[in-house]
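Dear colleague,

Please find below the structure that I am handing over to you. My findings follow it, and I would be grateful if you read them with the structure open.

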Amino acid sequence: MISLKMAARRVASAGLLVGLITAPGISSDINITAKVTSDEKLKSFLNEHITEGFSGTLLIAKDGKIVHAQGYGFADRENKIPNTLDTVYSTGTLTRYFTAAAILKLAEQGKLSLSDTLSKFFDNVPADKQNITVHHLLTHTPGLLSVEEWDAFETINTDEFLKDVFSAENEISPAVYLPKFSFKPGDRVIEFSEGYGLLSLIIEKQSGQSFEAFLKDNLFDPAGITDTGYLLPDWDKSRIANGYVGEDGESWGNLPDRLNKLGKLPPYIQGSMGLLSTASDLYKWHTALYGGKVLSDASLKLLHKRHTAIPEAFEADIDAAYGIQVSETWSGTPWIFNIGSSVIRANIPAFKVTYHYFPVEDTVVIFAGNTPLNREVRQALPAFVRVLLEPDYKPVSSDNKQAQ
């Protein structure tokens with residue numbers, strides 16, 4: 001049994017983003033009309049924590065039924081276009097969940113093994129990196145450290161990207177992390193975003209398709225989703241959210257506009273960050289994934305297996321699965337979610353998409369936002385999770401807290 005204090009830390013470190021502001025929501029083609037929650041406790045909590053600092057979309061499902069689904073704030077403030085269930089957001093690190101699923105699909109097709117090393121796919125791999133496997137890349141355990149300052153939109157070619165990655169050296173002393181720490185493959189989880197760029201190239205080499213085309217044909221079409229991708233989906237511009245950053249809420253613009261200007265996917269983005277999607281599509285992905293439409297049962301178990309512990313810096317027992325993370329709730333039940341990355345945030349600011357699944361409670365929370373989350377909402381997150389998962393839990397209102 002885990003302490004409630006630890007549970008609160010887990011929610012904060014995991015980045016469960018929930019914040020609400022009154023604005024019209026437009027329904028997508030998923031049927032939510034008859035499924036809107038009648039749970040007054042949840043409604044009351046959402047109303048209690050409505051704040052003008054939030055802009056995005058929130059979808060909550062329980063026992064296979066959507067109990068809350070709505071857009072809040074504006075996708076385009078300048079033109080007063082509201083966020084909806086069909087608003088297109090950059091998904092940040094959740095991109096890796098799809099990349100990992102694509103790797104497992106290739107393994108099912110017999111086109112690679114998770115124990116294959118880099119030398120099988122690439123020429124001129126340095127000796128100190130020849131033992132890095134596909135599994136190591138999937139779990140951020142190749143023994144390499146992401147470079148914080150690289151430009152995600154740098155339009156270098158594949159050979160230049162590989163040269164950069166293969167020449168990478170860890171310049172940080174192991175003493176910064178833990179005694180007896182090493183950078184050997186498989187030893188420890190270290191953030192390495194470039195590893196998912198390598199995985200996207202492996203997918204292209206072994207499938208004979210572009211990364212995005214393989215995802216569409218093998219993951220998205222079977223899942224029945226059409227609004228997820230980088231450049232292939234034909235989105236109406238009015239559906240694409242702009243990101244707003246800084247104290248003045250300056251518009252960063254949106255990722256499709258930037259990618260269309262480049263005319264290609266930069267290797268630092270492909271497979272690692274920024275895949276675009278909607279709350280509607282992400283829920284369809286969830287139902288298809290667990291409904292056996294995308295991967296076999298064996299592959300699904302590998303996708304969510306607790307492969308390697310993530311460093312104690314997160315103040316929680318969190319393990320790396322493939323492209324996703326796994327921990328427990330305070331009652332010890334599984335908690336599947338995606339952790340954000342400072343590298344991702346620095347290059348594609350404002351956007352944040354989080355997916356949280358509690359299998360035992362069969363509860364899904366999908367949040368997509370196009371502004372940074374404010375302090376008030378972050379502090380409400382632990383109570384929000386308890387409202388969802390504990391039938392008898394009664395959250396203390398902010399008025400009662402002030403009176404105490």
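Which residues are exposed on the other side of α10? In this predicted model, they are Asp297, Ala298 and Lys301.

The buried residues of helix α10, which spans residues 297–304, are Ser299, Leu300, Leu303 and His304. An α-helix has 3.6 residues a turn, so residues three or four places apart point the same way. The elements that cover the buried residues of α10 include α3 (95–108), α9 (279–290), β11 (325–328) and β12 (334–337).

The axes of α5 (residues 158–166) and α6 (residues 194–207) come within 11 Å and cross at roughly 140 degrees. An angle over 145 degrees would count as roughly antiparallel, so α5 is oblique to α6. The crossing of α5 with α6 is left-handed. Where they meet, α5 contributes Thr158, Phe161, Leu162 and Val165, while α6 contributes Glu194, Gly197, Leu198 and Leu201. Of the residues in this contact, five are nonpolar, two are polar and one is charged.

Finally, some values for the whole chain. It contains 13 helices and 14 strands. Of its 404 residues, 57% are buried. Among contacts between residues at least 6 apart in sequence, 71% join residues at least 24 apart.

Yours sincerely

Methods
Residues are numbered from 1 along each chain as its sequence is written. This is a predicted model: local features need pLDDT of at least 70, side-chain atom pairs count only at pLDDT 80 or more; totals for chains, interfaces and linings use all residues. Side-chain values use heavy atoms; hydrogens and water are left out. Axes are lines fitted to C-alpha atoms, for helices over the stretch in contact, and angles run from 0 to 180 degrees between N-to-C directions. Helices (H or I, at least four residues) and strands (E, at least two) are DSSP runs, numbered from the N terminus. Angles under 35 degrees count as roughly parallel, over 145 as roughly antiparallel, 65 to 115 as roughly perpendicular and the rest as oblique. A crossing is left-handed if the near helix is turned anticlockwise from the far one by less than a right angle, and right-handed if clockwise. Contact means heavy atoms within 4.5 Å. Ala, Val, Leu, Ile, Met, Phe, Trp, Tyr, Cys and Pro count as nonpolar, Asp, Glu, Lys and Arg as charged, and the others, Gly among them, as polar. Buried means under 20% relative accessible area, exposed over 50%, partly exposed in between (1.4 Å probe, protein chains only).
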